[in-house]
Amino acid sequence: MKSTSRLFAVIKSERFLTPGNPTGLTGLLTHPAPRSQLIYLYSSTLDKLSKIPEHSVYRQSAEAITKQRLSIINGFKPPGYEEWAQRAKNKIEEHPNIFGKDRDPSSVFMSAQLTEEKDARDVQWDNRKQPAGLEGTRTPEERSQASGVATRAAFTPEADIVQWENEPPLEASQIAEIEDKIGAGLIEEVIQVAEGEHQLVDTMIESKSWEDLEEKPPQGQWDYFARDQHTPGTQEPPKAKN
């Protein structure tokens, strides 16, 4: 079921949905890049599922729905996608040490994270802190050393910085069509489900759920829950009265 605010956005003929706007569901905001996010989650989930034996029922079911939804997402290209893909391809070729060679632009995903900048010289090793210095008046030699520390140059890590251009956004009508084809609510809800499945695969691999139980169940333990045990046949329809 779609929220009222999302339906109004389509009715008003807004070409693009505004990232961060309310979706009409409490705590769920409009995602800025649902297509690339879902392609990443589905592709990564399929890679993880390949580590599970093919006979696993969980792998078979999860793989089927993941491939089906990934095919739906790949069937939609945002306006300007071809031009963006060419620019992204050129950027990848300029920095093979970062992206690797022959990399598909659609398989490059960037995420921004707010991290506190730290000077590597201030990192404490083995959780051991340096002893505190002496307090009070310092000698001229100590003061000169302290001023040198205070004016040291800022530390910059030796790493290539690449300005990556994000994939163009889908139109509101395209997102609405994707939601109709998947049939699982708003695309933000689909992302939440994909994130949960992406994490669940790790748990299934860790627990090796496809293996037999260490202790075999007693004979007939699960017979009660089998199908057609309590309703052996279909009730005959009542006979028509003359």
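Tyr 81 and Trp 84 both belong to helix α4 (residues 81–94), where three residues, about one turn of the helix, separate them. Helices here are DSSP runs of H or I with at least four residues, strands are runs of E with at least two, and both are numbered from the N terminus. The structure is a predicted model, in which local features need pLDDT of at least 70 and side-chain atom pairs count only at pLDDT 80 or more, while totals for chains, interfaces and linings use all residues. Residues are numbered from 1 along each chain as its sequence is written, and side-chain values use heavy atoms, with hydrogens and water left out.

Rings of Phe, Tyr and Trp (its six-membered ring) are taken as a pair if their centres lie within 6.5 Å; planes under 30 degrees apart count as stacked, over 60 as edge-to-face and the rest as tilted. By this rule the count is two aromatic pairs. The ring centres of Tyr 81 and Trp 84 are 5.5 Å apart and their planes stand at 40°, so this pair is tilted. Both residues are buried, a term applied under 20% relative accessible area, with exposed meaning over 50% and partly exposed in between (1.4 Å probe, protein chains only). Trp 84 also pairs edge-to-face with Trp 164, at 6.4 Å centre to centre and 90° between the planes. This second pair links distant parts of the chain, since Trp 84 is in helix α4 and Trp 164 in the loop between α6 (140–150) and α7 (172–182), 80 residues apart. Trp 164, like Trp 84, is buried. Lys 77 lies over the face of Tyr 81, 5.8 Å from the ring centre; the criterion requires NZ of Lys or CZ of Arg within 6 Å of the ring centre and within 35 degrees of the ring normal.

The protein contains eight helices and zero strands. Of its 242 residues, 26% count as buried. Contacts are defined by heavy atoms within 4.5 Å; among those with a separation of 6 or more, 72% join residues 24 or more positions apart.

Helix α2 (residues 34–49) comprises 16 residues and reaches 22 Å from its first C-alpha to its last, close to the 22 Å expected at 1.5 Å a residue, the expected span being 1.5 Å times one less than the number of residues. The helix is mostly covered, with twelve of its 16 residues buried. Among these are Leu 41, Ser 44, Thr 45 and Lys 48. The buried residues of α2 pack against α3 (57–74), α4, α7 and α8.

On helix α8 (residues 187–207), His 198 is buried, because its relative accessibility is 13%. Beyond residues up to four places away in sequence, His 198 touches Tyr 40, Leu 41, Ser 44, Thr 45 and Lys 48. Ser 209 is placed in the segment after α8 and is partly exposed, with a relative accessible area of 38%.

The pLDDT, the predictor's confidence in each residue from 0 to 100, averages 77 over the protein, and 62% of the residues score at least 70. Over residues 110–117 the pLDDT is below 50, and this stretch has two contacts in the model beyond near neighbours in sequence. Where pLDDT is low, the predicted coordinates should not be read in detail.
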